[in-house]
Amino acid sequence: MPALFPHWTNTLARATLIAVLCTLVGVPVALMAWVRTPNATRQYEPVAQPVAFDHRIHVTGQRIDCRYCHYSAERSSYAGIPPTSVCVPCHSTAWMSSDVLAPVRQSVSSGRPLRWNRVDALPGFVYFNHAIHVNKGVGCESCHGRVDRMAQVYQAAPLTMSWCVNCHRNPAPHLRPLSAITTMGYVSQRELGPQLAQKYHVRSLTTCTTCHR
Amino acid sequence: MSAVARPAPSLALAEGDDWPVMRGAPNDAAITDMVLAPLWHTRRIWWILFAISALGTLLLLATVAYTVTVGIGTWGNNIPVAWAFAITSFVWWIGIGHAGTFISAFLLLLNQRWRGSINRVAEAMTIFALVNAALFPLLHLGRPWFFYWLIPYPATMNVWPNFKSALPWDVAAVTTYFTVSLLFWYLGLVPDLASARDSAPSRLRRRVYGLFAMGWRGSGFQWQRFNVAYVLLAALATPLVISVHSVVSLDFSIAQLPGWHSTIFPPYFVVGAIYSGLAMVLVLLLPLRRAFRLYDIVTEAHLNAIAKLMLAMGLMLAYSYVIETFMSWYSANAAERYTYLASRPFGPYAVVYWIMTGLNVLSPQLFWSRRLRTNGTALFLASIVILAGMWMERFVIIVTSLNRDFLTSSWHIYIPTWVDWGILAGSFGLFGMLFLLFLKFVPSVAMSEVKELRIEMRKTPEQEPLRA
């Protein structure tokens with residue numbers, strides 16, 4: 001009777017064992033690595049909008065404060081996308097007849113709001129409140145990044161739960177004075193953090209129901 | 001030479017037991033032919049049983065698909081009875097598995113050589129029971145595709161599973177148990193797979209069995225390593241017989257609920273697990289013995305031993321019932337007393353409670369009789385009855401405790417839906433199908449151990465020469 005398996009199958013068997021072990025370890029490790037990449041978190045992907053609104057021009061060029069347009073950030077859970085009527089005071093003179101502004105003019109005259117596309121999307125089971133963060137010294141930049149440098153706005157933070165929880169466990173280093181809340185490129189001062197936490201009564205809130213209500 | 005020296009086995013199980021553990025001293029070739037015959041020739045009864053169990057499996061697939069797409073609102077459980085059929089069946093199936101490990105590992109370490117002809121069936125039963133058991137809590141998660149959240153791994157959520165909860169303990173206990181059982185089963189199979197390789201009728205089958213036999217040649221060196229590894233794995237598996245169901249029982253006993261909050265639970269659950277598992281071994285073994293004419297290697301000695309074990313377990317279980325009920329009265333706690341002395345015996349599920357007590361306590365008493373201990377029909381019927389009784393026991397523990405707890409305003413009756421019944425019935429189908437596939441493709445008796453036993457049974461080589 002000839003041999004059941006040719007000689008080279010020994011090598012194949014060993015290679016298979018190694019491959020199986022590598023797969024068993026490699027696949028979970030690769031998956032865990034992948035969910036941390038911008039591919040999975042959708043970071044740094046510019047989101048196309050109905051109007052080519054350039055934050056660089058408005059923030060860096062015109063030095064308009066974030067809250068001029070996103071005025072409900074301090075008072076509401078929702079930072080607010082401004083109605084097109086907010087554009088009118090300036091744009092009734094500046095660039096009034098530009099094609100870029102055509103959808104804005106249409107919206108103002110018809111009273112129908114523009115459909116902006118969401119950039120930072122939290123899952124429905126997460127409760128998030130802008131006002132409490134803004135009033136306790138968490139700057140816009142801390143979550144939204146250098147919007148002053150964005151031609152098209154993209155999601156700057158990974159928005160993973162660990163990203164939220166890391167700050168909630170130790171908020172002090174991320175705090176800034178309320179006067180600098182909208183500052184872009186703020187340089188944090190190490191001694192200031194704990195003082196601000198005390199001043200604004202910031203506590204570490206990590207119970208489940210802080211965010212999942 | 002051998003690192004694991006075994007004393008000469010005592011072939012009589014106890015004083016006065018005069019059944020041999022092997023009859024007619026069949027030679028090695030006869031044993032091989034007898035055990036491997038079902039692998040090469042499929043009988044019509046196999047196809048009929050396979051078709052029935054495949055239908056059951058389809059029912060399981062359908063009800064599981066319905067549950068996953070629609071949600072677990074298709075089940076009858078609702079607050080306060082959040083755990084009902086799913087957890088009942090989980091505990092029941094996992095308990096079934098325990099007898100397999102008990103027979104294969106515990107009895108190996110205790111040098112009970114009669115286990116050799118039934119341990120393969122018992123181990124296969126363990127693995128298939130665990131597959132079924134795992135299904136229920138996974139479905140009960142509601143979103144089973146997130147099952148991996150139960151495993152402690154560095155998640156982007158930056159939180160770990162709640163280690164204070166018994167549920168991650170369950171995951172650890174059950175996965176460990178499954179891994180060790182599978183390794184133990186496979187290791188024991190290797191020499192027999194090599195036998196199958198050597199006697200397979202076609203080249204393809206020789207190759208397939210050869211692949212799984214992993215180059216086993218039966219050399220002295222290989223046997224020596226094999227025995228060391230086998231006993232080491234047995235030593236690993238043995239504490240699991242105790243620990244796994246103890247952990248499962250903690251799901252209940254660490255809660256404050258009357259009916260669950262009891263320190264007797266771990267031993268009580270382990271005893272019940274082995275009890276129901278032995279019953280399942282008999283339910284599988286008795287028809288198998290008859291169908292494959294295994295009377296020479298599965299003798300009255302085996303049936304007698306299992307029946308005695310069942311009687312012992314049944315008595316310990318009855319003791320647990322008594323103590324549990326006594327302690328509720330002794331605690332002088334109104335809620336405890338209500339659950340054990342009013343709700344269970346006279347409440348809405350009183351029928352289940354009394355049937356369960358009757359079946360579990362009375363049926364093993366048959367085995368005081370030496371004649372009934374070796375009577376296949378009596379053993380089979382008693383085993384079915386015990387399996388049903390043990391399922392009801394878990395149902396009583398879970399549902400009667402939950403449906404009437406401290407707050408009378410939240411009392412609620414649990415009624416299973418057709419999906420609950422469908423998944424339960426379907427899990428029998430899956431179990432049957434896996435077991436039939438096992439019978440078709442895997443040597444169902446540990447031939448190598450039976451052959452070893454045969455040689456050890458010879459009094460002296462001169463008196464009874466070896467006929468190989």
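**Close-up 1. A:S142 in helix α8 of chain A.** In this predicted model, A:S142 lies in helix α8, which spans residues 140-144 of chain A. With 18 other C-beta atoms within 10 Å, A:S142 is partly exposed, because a residue counts as buried at 20 or more such atoms and as exposed at 12 or fewer. A:I181 is 39 residues away from A:S142 in sequence, yet the C-alpha atoms of these two residues are 9.5 Å apart in space.

**Close-up 2. The crossing of helices α11 and α13 in chain B.** Helix α11 (residues 350-362) and helix α13 (residues 376-403), both of chain B, have axes that come within 8 Å and cross at roughly 140°. This angle makes α11(B) oblique to α13(B), and the crossing in which α11(B) passes α13(B) is left-handed. From α11(B), the residues B:V352, B:Y353, B:I355, B:M356, B:L359 and B:N360 take part in the contact, and their partners in α13(B) include B:V385, B:I386, B:M392, B:E393, B:F395 and B:T400.

**Close-up 3. The contact between chain A and chain B.** Where the two chains meet, 10 residues of chain A are in contact with eight residues of chain B. On the side of chain A that touches chain B, helix α9 (residues 161-169) of chain A supplies the largest share, with four residues. Taken as a whole, the residues on that side of chain A divide into six nonpolar, three polar and one charged.

Technical notes. Residues numbered from 1 in each chain as written. Chains lettered and ligands numbered in written order. Predicted model: local features only at pLDDT ≥ 70, side-chain atom pairs only at ≥ 80, totals over all residues. Helix = DSSP H or I, 4+ residues; strand = E, 2+ residues; numbered from the N terminus. Axes fitted to C-alpha atoms, helices over the stretch in contact; angles between N-to-C directions. Parallel < 35°, antiparallel > 145°, perpendicular 65-115°, else oblique. Left-handed = near helix turned anticlockwise from the far one by under 90°. Contact = placed C-beta atoms within 7 Å. Nonpolar A, V, L, I, M, F, W, Y, C, P; charged D, E, K, R; others polar.
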